[in-house]
Amino acid sequence: MTANISQRVETLHASSVIFDGHCDTLIPVRDGNRRLGERVQAQTEGGVLTSQHIDLPRLLEGGVTAQVFACFVRQPFLPADATNEALRLIDAFYGALDENPEALLLATKAADVERAKAEGKVAGVLSLEGAEALEGDLAMLRAFHRLGLRALGLTWNYRNQAADGLGEMRTGGGLTEFGVALVREANRLGVILDVAHLAPPGVRDVLELSEAPVVASHANARTLCDHPRNLTDEQLEGIAASGGLAAVTYVPSFLASPPQEASLERVLDHVDYIVKTIGVDHVGLGSDFDGFGGVLPGLEDVSHLPALTAGLVARGYSDEKVVKILGGNYLRVFRQVAG
Ligand SMILES: [Zn+2]
């Protein structure tokens with residue numbers, strides 16, 4: 001890179017609101033294996049770097065303004081302990097908030113993200129990955145919303161009270177009656193609907209029913225990488241028509257086949273493809289950091305994020321477009337849905 005370009009990248013990266021749609025970092029924090037405020041040194045396990053992608057020092061170093069923290073209830077807690085486990089994950093976030101008031105705030109509306117940017121903090125957004133914790137009861141969504149929840153993935157890969165996840169290969173059904181009610185209540189409350197793990201009929205149902213923009217918080221383009229977690233052109237078009245976005249994810253197996261070919265350049269390929277297919281207003285970032293094993297060459301952890309900005313600039317995106325991709329679009333959706 002010439003000095004001029006690297007200066008442009010540095011300025012652009014530092015001035016942008018960078019909004020990431022998904023990470024799984026609350027799990028090790030809730031388990032007591034990590035503190036969000038402490039830098040994790042890269043570790044190797046059997047000669048392979050392990051997936052320790054995010055902590056507050058590195059989020060700040062990477063220039064992240066808003067990070068969605070998923071509350072994902074793991075299988076051993078299902079179904080009986082799902083609500084408790086989601087609450088423990090939220091408690092882990094609030095614990096980190098108490099320990100790091102100078103570095104972290106809870107974002108429940110767009111103005112909080114802008115405040116984080118102004119104050120040099122990370123805005124944490126809480127999301128639920130899978131409706132199991134709601135126990136088929138809209139009152140639970142309302143209660144979680146009061147705790148700060150602002151995004152809801154209706155399913156992970158399993159079937160639950162709201163819908164079938166992608167792993168339900170035999171049935172692959174759409175939304176249940178409760179799922180339909182949940183979409184309406186999420187719209188009413190101002191909770192972003194996330195279709196990342198839904199079986200295709202459910203994606204279609206949410207896109208049909210939702211009156212607010214819909215996101216896929218961590219998914220790539222199926223045309224470039226034929227993985228069931230990736231989005232078809234038709235799904236991408238539906239997401240764009242809702243006013244929402246597809247957030248490109250760094251999971252190697254969703255980027256390239258074979259996954260050994262995944263790299264920062266493949267992330268940029270998926271950005272290019274989604275921009276070409278549905279326009280630059282409907283793409284964002286959804287790393288899935290701490291949700292996959294190993295490291296992605298070129299984006300080894302969140303502190304390497306300026307390399308993504310450099311890559312976008314190298315591919316000819318204007319400053320205005322880079323700002324939208326890095327987080328301008330996500331902030332627009334967050335403002336439109338949550339306020
Ligand atoms: Zn996920």
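**Salt bridges, a zinc site and a covered helix**

D281 counts as partly exposed at 29% relative accessibility, a class that lies between buried (under 20% relative accessible area) and exposed (over 50%), with a 1.4 Å probe and protein chains only. The model is predicted, with local features needing pLDDT of at least 70 and side-chain atom pairs pLDDT 80 or more, while totals for chains, interfaces and linings use all residues. Residues are numbered from 1 along each chain as its sequence is written, and side-chain values use heavy atoms, leaving out hydrogens and water.

The side chain of D281 meets that of K324 in a salt bridge at 2.7 Å, N to O, the term requiring a side-chain nitrogen of Lys or Arg within 4 Å of a carboxyl oxygen of Asp or Glu. This pair links distant parts of the chain, with D281 in the loop between helix 11 and strand 11 and K324 in helix 13, 43 residues apart; K324 is partly exposed at 24%.

The structure holds 25 salt bridges, and a network of them links R30, D31, R74, D81, E85 and R88.

The zinc ion has E129 (OE), H197 (NE2) and H218 (NE2) as protein donors, lying 2.1 to 2.2 Å from it, where donors are N, O and S atoms within 2.8 Å of the metal (3.2 Å for Na, K and Ca). E129 is buried at 7% relative accessible area, as is H218 at 1%.

How values were computed: Helices (H or I, at least four residues) and strands (E, at least two) are DSSP runs, numbered from the N terminus.
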